[in-house]
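Try each task first, then follow the solution step by step.

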Amino acid sequence: CSDEDGDAVCDNIDDCVGEYDDCGVCNGDNTSCLPNIISLGSATESTLEVMYSSSSDIGGFQFNVSGVNITNVYGGAAADADFEVSSGSGIVLGFSFDGSVVPAGSGVLTNLEIVVSDFEACLSEVIISSPDAQALEFDTGGCVDLPCSDEDGDAVCDTIDDCVGEYDDCGVCNGGNADQDECGVCYGDGTTCLPNIISLGS
């Protein structure tokens, strides 16, 4: 009686010559029961992780990200799979020209270089496709908080705030009305408040 896996069951009648993974698959890799989800990971002032969990190989992906301006996309499982990943107008698109796939599993799908524009980042309109271009059903993770500094408390992140402070009456950021003349007129010449009078001199 051959018993290669040492489980005291002869291999010729053993349901699994080896061991079951956490998903109950003989000699599996624990991926077949993973939830299908795309989510956001850790965020800094300049980077944002996009995470994935997938029970199937991924042939391509597309999603929108709000709350940030994306300046570059790099790394992660997408880069390991030689995916072409690009971004524009808040949309991230990744695919392979040669049929490569992001294998079933979990981890960082890609990293975003960002400029923070809001207090939280959110994913939307997530589209994930299989290697044969069929749509896969994926859930979307929740929003994540961003390190948005708002020194002047105007609910606009300082990184994109046109004026960190306040505009004066002349529309100058933190100008302190220095551009008003003595008549209180912006960029005036001091004549608008002169009295209208004709008089005789010496």
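Cys148 and Cys157 are both buried, where buried stands for under 20% relative accessible area, exposed for over 50%, and partly exposed for the range in between (1.4 Å probe, protein chains only). This is a predicted model, in which local features need pLDDT of at least 70, side-chain atom pairs count only at pLDDT 80 or more, and totals for chains, interfaces and linings use all residues. Residues are numbered from 1 along each chain as its sequence is written, and side-chain values use heavy atoms, with hydrogens and water left out.

**Exercise 1. Find out how Cys148 and Cys157 are joined, and work out the handedness of the link.**

Step 1. The two residues form a disulfide with an S to S distance of 1.9 Å; the cut-off for a disulfide is a pair of cysteine sulfur atoms within 2.5 Å.
Step 2. The torsion about the S-S bond of Cys148 and Cys157 is about -120°, so this disulfide is left-handed.
Step 3. To place it in context, the structure holds eight disulfides.

**Exercise 2. Describe the disulfides Cys163 to Cys173 and Cys170 to Cys186.**

Step 1. Begin with Cys163 and Cys173, whose S to S distance is 2.1 Å. Their torsion of about 85° makes the disulfide right-handed. Both cysteines lie in the segment after strand S11 (144-145), so the pair ties together parts that are ten residues apart in sequence. (Strands are DSSP runs of E with at least two residues, and helices are runs of H or I with at least four; both are numbered from the N terminus.)
Step 2. Check accessibility: Cys163 is buried at 3%, while Cys173 is partly exposed at 30%.
Step 3. Move on to Cys170 and Cys186, with sulfur atoms 2.1 Å apart. The torsion is about -95°, so this disulfide is left-handed. Cys170 and Cys186 also lie in the segment after S11, and the pair therefore ties together parts that are 16 residues apart in sequence.
Step 4. Cys170 is buried, at 14%, and Cys186 is partly exposed, at 26%.

**Exercise 3. Which residues is Ala78 in contact with, leaving aside its neighbours within four places in sequence?**

Step 1. Locate Ala78 in helix H1 (residues 76-80). Its relative accessibility is 0%, so Ala78 counts as buried.
Step 2. List the contacts (heavy atoms within 4.5 Å): Phe61, Phe83, Val85, Val102 and Leu109.
Step 3. Follow Phe61, which is buried at 2%. Phe61 forms one aromatic cluster with Phe63 and Phe83.

**Exercise 4. How many aromatic pairs does a search of the whole structure find?**

Step 1. Set the rule: rings of Phe, Tyr and Trp (its six-membered ring) pair if their centres lie within 6.5 Å; planes under 30 degrees apart are stacked, over 60 edge-to-face, and the rest tilted.
Step 2. The search finds three pairs. In one of them, the rings of Phe61 and Phe63 have centres 5.8 Å apart and planes at 15°, so the pair is stacked.
Step 3. Phe95 and Phe97 are edge-to-face, at 5.0 Å centre to centre and 85° between the planes. Phe95 is partly exposed at 29%, and Phe97 is exposed at 68%.

**Exercise 5. In what order do the five strands of the open sheet run?**

Step 1. The order is S4-S7-S2-S1-S10, with mixed pairing; two strands pair if DSSP finds at least two bridges between them.
Step 2. S4 (68-74) and S10 (139-140) stand at the edges with a single partner strand each, so one side of each has no neighbour in the sheet.
Step 3. S2 (residues 47-54) and S7 (residues 105-116) pair antiparallel over eight bridges. Val50 stands opposite Thr110 in S7.
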